[in-house]
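Let's take a walk through this one, starting with its rings and ending with a pair of helices. Have the viewer ready.

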Amino acid sequence: MNYAVKKILKALSYGPLDVQAERRLAELKKLDPMRIFARKLDVHIMNGTHEVPVRIYFPTQKMLEEELVFQYSGKVLLFFHGGGWVTESVETYDRICSRMAQSTNQLVLSVEYRKAPEHRFPTALMDGYAVAEVLFSGQYLKGVRPENITLMGDSAGGSLTAALTLLARDRNAFWPRQQILIYPALWNDYTETSPFPSVRENGRDYLLTAVKMEEYMNLYQSRAEDRNSPYFAPLLSEHLEDLPRTLILTAQYDPLRDEGEEFGRKLKEAGNEVTVKRIEHALHGYFALGIKYLYVQESLEIINQFLKEA
């Protein structure tokens, strides 16, 4: 990374976390003119009395035709967006989810889980769990077999994905066959006491700072004790056996890099099938930028290879 780029990134990395300002900035992605060409359908799945919005993306226009929607019997990616459990949305991830559907030739279901601080832990997790449970039960897309569903998320969405697979195993409710975690948030401490060198190496000048991660988690937690739950920080789990086949993508200049790679090591140690790939020169958040970026193209190639090997 050259000196000029590093100076710009450093300048953009500082300042207190302003939730409303961060959300307004994220909402600018809605202005993307290519969004109108996405092949998609908005539906709702219930979590108790709450309707969880879910956007379905189709690889082709033919699959979107009304008579084929609920007869679909192919493969599905159930996706959870990032944003520190606080910002971002299905809307702001619209283009990348559409491109994923086209690239993988799979149906992509993007979940609009409720966000903090208005809805704190474990609300987002339980919204995601409710959607997954309905999908795996065959109540919604009746032709989709459980073994053809892959759970996937980036950043905070990666955290939700990992936590959801732990919860599904612990409840013995359904069993995801595979999961994809993109620079996932898996730990509970981004202060100087963090055991991970990447927090100190990359936690100051690369947009997502260690200070911001602490602020995001303070907004996400309902109480301080939440940070000790493996459903809040999956890397805390002492039981990582019997989990899905897993692909973990990390970014070189990311404070979360080492915890993602450590999670992969621990999953493998527990007897699971795991692939870990580091995207060189990439920053945290790159996946949401869109298909034109080389790091996203590289990631989609890796994801497609992982899916083909299933």
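How many aromatic pairs does the structure hold? In this predicted model, there are 12 aromatic pairs. Take Phe121 and Tyr220: their ring centres sit 5.6 Å apart with the planes at 80°, so this pair is edge-to-face. It ties together distant parts of the chain, with Phe121 in the loop between β4 (107-111) and α6 (123-137) and Tyr220 in helix α9, 99 residues apart. Phe121 has 9% relative accessibility and so counts as buried, and Tyr220, at 1%, counts as buried too. Another edge-to-face pair is Tyr286 with Phe287, at 6.5 Å centre to centre and 85° between the planes. Tyr286 is buried at 3% relative accessible area, and Phe287 is buried at 0%.

Back to Phe121 and Tyr220, which belong to a cluster: ring pairs link them with Trp85 and Phe232. Now follow Tyr220 into its helix. Eight of the 11 residues of α9 (residues 210-220) are buried, so the helix is largely enclosed by the rest of the structure. Besides Tyr220, the buried set includes Tyr216, Met213 and Met217, and also Lys212 and Glu214.

Finally, look at α5 (residues 94-104) and α11 (residues 294-308). Their axes lie 10 Å apart at an angle of about 45°, and the two helices are therefore oblique to each other. The crossing of α5 past α11 is right-handed. On the α5 side, Ile96, Met100, Ser103 and Thr104 make the contact, and they meet Val296, Leu300, Ile303, Asn304 and Leu307 of α11. By class, that gives six nonpolar and three polar residues, with no charged ones.

Terms used. Residues are numbered from 1 along each chain as its sequence is written. This is a predicted model: local features need pLDDT of at least 70, side-chain atom pairs count only at pLDDT 80 or more; totals for chains, interfaces and linings use all residues. Side-chain values use heavy atoms; hydrogens and water are left out. Axes are lines fitted to C-alpha atoms, for helices over the stretch in contact, and angles run from 0 to 180 degrees between N-to-C directions. Helices (H or I, at least four residues) and strands (E, at least two) are DSSP runs, numbered from the N terminus. Angles under 35 degrees count as roughly parallel, over 145 as roughly antiparallel, 65 to 115 as roughly perpendicular and the rest as oblique. A crossing is left-handed if the near helix is turned anticlockwise from the far one by less than a right angle, and right-handed if clockwise. Contact means heavy atoms within 4.5 Å. Ala, Val, Leu, Ile, Met, Phe, Trp, Tyr, Cys and Pro count as nonpolar, Asp, Glu, Lys and Arg as charged, and the others, Gly among them, as polar. Buried means under 20% relative accessible area, exposed over 50%, partly exposed in between (1.4 Å probe, protein chains only). Rings of Phe, Tyr and Trp (its six-membered ring) pair if their centres lie within 6.5 Å; planes under 30 degrees apart count as stacked, over 60 as edge-to-face and the rest as tilted.
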